[in-house]
Amino acid sequence: MNRVFSHPQLAIVVQMRDVLAQAGIDAHLRNEYAAGAAGELAPIDTWPELWLARPRDTERALALIASVQQQSDEPDWQCASCNSDSPASFDYCWRCGADRRAGR
Ligand SMILES: [Zn+2]
């Protein structure tokens, strides 16, 4: 398997997995329980990671991730339901799953 993505915030890694899943790319989380036990950012070697099930998906996965990260230069948006901030590249609130455009 190939590791394609890692981030100190588990929610970001989970969302990236969902982006890949929507494109038909099967990916798995690793280290998902390593972070956040003390409410602190984990050291880089224990960041939650995203691994591909099929190596042949690597090129597509990296392209998708790059495009998502490009969009994340935009400011975060605030969820109308739970007031959490989500990255601009997310269409749904990472915390409660509410649609970004709901309540606007
Ligand atoms: Zn929310």
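Biologist: Quick one to start: where does tyrosine 92 lie?

Modeller: Tyrosine 92 sits in the segment after β5. Bear in mind that this is a predicted model.

Biologist: Noted. Is tyrosine 92 buried, exposed or partly exposed?

Modeller: Tyrosine 92 counts as partly exposed, with 40% relative accessibility.

Biologist: And which residues is tyrosine 92 in contact with, leaving aside neighbours within four places in sequence?

Modeller: Those contacts are Gln15, Trp77, Ser86, Gly97, Ala98, Asp99 and Arg100.

Biologist: Cysteine 79 brings me to the metal. Which residues are the protein donors of the zinc ion?

Modeller: The SG atoms of Cys79, Cys82, Cys93 and Cys96 are the donors, and they lie 2.2 to 2.3 Å from the zinc ion.

Biologist: What spacing do the donors follow along the chain?

Modeller: The donors of the zinc ion are spaced as C-x2-C-x10-C-x2-C. Cysteine 79 is in the loop between β4 (77-78) and β5 (85-86), while cysteine 96 is in the segment after β5, so this pair ties together parts that are 17 residues apart in sequence.

Biologist: What about the geometry of the zinc site?

Modeller: The site is tetrahedral, and the angles among the four donor atoms run from 102 to 115°.

Biologist: Back to those two cysteines. Is cysteine 79 buried or exposed? And how does cysteine 96 count?

Modeller: Cysteine 79 is buried, at a relative accessible area of 2%. Cysteine 96 counts as partly exposed, at 40% relative accessibility.

Biologist: Let's zoom out. How many helices and strands does the protein chain have?

Modeller: There are two helices and five strands in the protein chain. Reading from the N terminus, the order is β-α-β-β-α-β-β.

Biologist: How much of the chain is buried?

Modeller: Buried residues make up 32% of the 104 residues. As for contacts with a separation of 6 or more, 48% of them are between residues 24 or more positions apart.

Biologist: What's the confidence like, as mean pLDDT of the protein chain?

Modeller: The mean pLDDT is 84, and 83% of the residues reach 70 or more. Among the elements, strand β3 (residues 49-52) has the highest confidence at 95, and β5 the lowest at a mean of 88. Where pLDDT is low, the predicted coordinates should not be read in detail.

Biologist: Tell me about α1. How many residues does it have, and how far does it reach?

Modeller: Helix α1 covers residues 10-22, which is 13 residues, and reaches 19 Å from its first C-alpha to its last, close to the 18 Å expected.

Biologist: Which residues in α1 are buried?

Modeller: Ile12, Val13, Gln15, Met16 and Leu20 are buried in α1. Looking down the helix axis, the buried residues fall within an arc of 160°, so they line one face of α1. As background, an α-helix has 3.6 residues a turn, so residues three or four places apart point the same way.

Biologist: Gln15 came up among the contacts of tyrosine 92 too. What follows α1?

Modeller: Glycine 24 follows α1, and its phi is positive, near 80°.

Biologist: Which residue other than glycine has a positive phi?

Modeller: Asparagine 31 is one of them, with phi near 60°. Asparagine 31 is in the loop between β2 (27-30) and β3, and counts as partly exposed at 29% relative accessibility. Asparagine 83 also has a positive phi, about 65°. Asparagine 83 belongs to the loop between β4 and β5 and is exposed, with a relative accessible area of 51%.

Biologist: What does aspartate 57 touch, not counting residues up to four places away in sequence?

Modeller: Aspartate 57 touches Ile25, Asp26 and Leu52.

Biologist: Last one: where's serine 67?

Modeller: Serine 67 is in helix α2 (residues 58-71), and at 28% relative accessibility it counts as partly exposed. Serine 67 and serine 89 are 22 residues apart in sequence, and their C-alpha atoms are 9.0 Å apart in space.

Definitions and conventions:
Residues numbered from 1 in each chain as written. Predicted model: local features only at pLDDT ≥ 70, side-chain atom pairs only at ≥ 80, totals over all residues. Heavy atoms only, no water. Donors = N, O, S within 2.8 Å, 3.2 Å for Na, K, Ca; no water. Tetrahedral: all angles 85-135°; square planar, octahedral: opposite > 155°, others 65-115°. Helix = DSSP H or I, 4+ residues; strand = E, 2+ residues; numbered from the N terminus. Buried < 20%, exposed > 50% of the residue type's maximum accessible area, 1.4 Å probe, protein only. Expected span 1.5 Å × (residues − 1). Arc of directions from axis to C-beta. pLDDT = per-residue confidence, 0-100. Contact = heavy atoms within 4.5 Å.
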